[in-house]
Amino acid sequence: MLFDSHVHLNARDFFEDRDETIKRALAAGVKYMVVVGFDRETIPLAIEIAEQHKTIYAAVGWHPVDAIDMTDRELEWIEELSAHPKVVAIGEMGLDYHWDKSPKDVQIEVFRKQIRLAKKLNMPIIIHNREATEDIIEVLKEEDAASVGGIMHCYNDSADYVQTCLDMNFYISLGGPVTFKNATLPKEVAVQVPLDRLLIETDAPFLAPHPYRGKRNEPAYVKLVAKKIAELRGMTLEEISEATTRNAISLFRLNI
């Protein structure tokens, strides 16, 4: 039994075959998923998908790339939607310094507002980080994000930062890159993270694991992530599946 802690079944890539994609995931042993919404289009869809499937949940937040488009109205909207019984986290949120659509100061302000909202609601947060680790950590510390904790989604940084994230009450989630042949950093992290703070994800349709790299990712492939981590840690697939599912259920406070 596997738990894909971060998937975008609400992406346009799945508009034509979403139901079939979910069936393939279930057949592969992926019982639970969290569909992450990140803008005006994907947030309602995340909730709609969660409403249609008993073991699929939703997260609602605003992506840093589009921070410049977020107003207080969007923040209020996210707060309203967070009351839905299938919404289990606020996010994804964070900082993305790879793209230049939204200025850094705007991203940081939107990031802070969402952390404060999550604290108000007492809900965990999902962090998107691209080329912004130092600023991410600084903001999380200044806003006392440890009081709600959350997930470092698709962790892609040095193992040197892992303990800092753990100390701030965050889980480390690994995806497709841990299976890439020349990706040494995620492999180091996969071994270093304590088993009770480890999560797995696909981030589908992005970052498909080997041997599907470069193709559309889908939640069924989270099994390949779990297999690789099991291999790296000298454990069985069942042990990794059980631990990461248990961790996700605990983090998202699911009564299952």
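This is a predicted model: local features need pLDDT of at least 70, side-chain atom pairs count only at pLDDT 80 or more; totals for chains, interfaces and linings use all residues.
A crossing of two helices is called right-handed if the near helix is turned clockwise from the far one by less than a right angle, and left-handed if the turn is anticlockwise. With that in hand, helix 7 passes helix 8 in a right-handed crossing.

Helix 8 covers residues 222–233, and its axis and that of helix 7 come within 9 Å, crossing at roughly 70°. Angles from 65 to 115 degrees count as roughly perpendicular, so helix 7 and helix 8 are roughly perpendicular to each other. Which residues meet here? From helix 7 they are Lys187, Ala190 and Val191, and from helix 8 they are Ile229, Leu232 and Arg233. Sorted by class, this contact has four nonpolar residues, two charged ones and no polar ones.

Next, helix 3 and helix 4. Helix 3 runs over residues 72–81 and helix 4 over residues 104–121; the two axes come within 11 Å and cross at roughly 30°. An angle under 35 degrees counts as roughly parallel, and therefore helix 3 and helix 4 are roughly parallel to each other. The crossing of helix 3 past helix 4 is right-handed. On the helix 3 side the contact is made by Asp72, Leu75, Ile78 and Glu79, and on the helix 4 side by Lys113, Gln114, Leu117, Lys120 and Leu121. The classes here are four nonpolar, four charged and one polar.

Helix 4 also packs against helix 5, with the axes 10 Å apart and an angle of about 40°. Helix 4 and helix 5 are therefore oblique to each other. Helix 4 passes helix 5 in a right-handed crossing. Ile108, Phe111, Arg112 and Ile115 of helix 4 touch Asp135, Ile136, Val139, Leu140 and Glu142 of helix 5. That contact divides into six nonpolar and three charged residues, with no polar ones.

How many cavities of 30 Å³ or more does a search of the whole structure find? The search finds one. The largest cavity has a volume of about 90 Å³. Among the residues lining this cavity are Ile127, Asn129, Thr133, Ile136, Ile137 and Asn156. Strand 5 and helix 5, residues 133–142, are the elements that give two or more residues to the cavity lining, and helix 5 supplies the largest share, three residues. By class, the cavity lining has seven nonpolar residues, four polar and one charged.

Last, the open kind. The largest pocket has a volume of about 520 Å³. Its lining holds 25 residues, and those nearest the centre are His128, Arg130, Asn156, Asp203 and Leu207. Asn156 was also in the lining of the largest cavity. Where does the pocket lining come from? Strand 4 (87–96), strand 5 (125–130) and helix 7 (184–192) each supply at least two residues. Strand 5 gives the most to the pocket lining, with three. The classes are 13 nonpolar, seven polar and five charged.

Technical notes: Residues are numbered from 1 along each chain as its sequence is written. Side-chain values use heavy atoms; hydrogens and water are left out. On a 1 Å grid over the protein atoms alone, a cavity is a set of points where a 1.4 Å probe fits but cannot get out, and a pocket is an open set with protein on both sides within 12 Å along at least five of seven lines; lining residues have an atom within 4 Å of a point. Grid points are joined across faces, edges and corners, and a volume is the space filled by probe spheres set on the points. Helices (H or I, at least four residues) and strands (E, at least two) are DSSP runs, numbered from the N terminus. Ala, Val, Leu, Ile, Met, Phe, Trp, Tyr, Cys and Pro count as nonpolar, Asp, Glu, Lys and Arg as charged, and the others, Gly among them, as polar. Axes are lines fitted to C-alpha atoms, for helices over the stretch in contact, and angles run from 0 to 180 degrees between N-to-C directions. Angles under 35 degrees count as roughly parallel, over 145 as roughly antiparallel, 65 to 115 as roughly perpendicular and the rest as oblique. Contact means heavy atoms within 4.5 Å.
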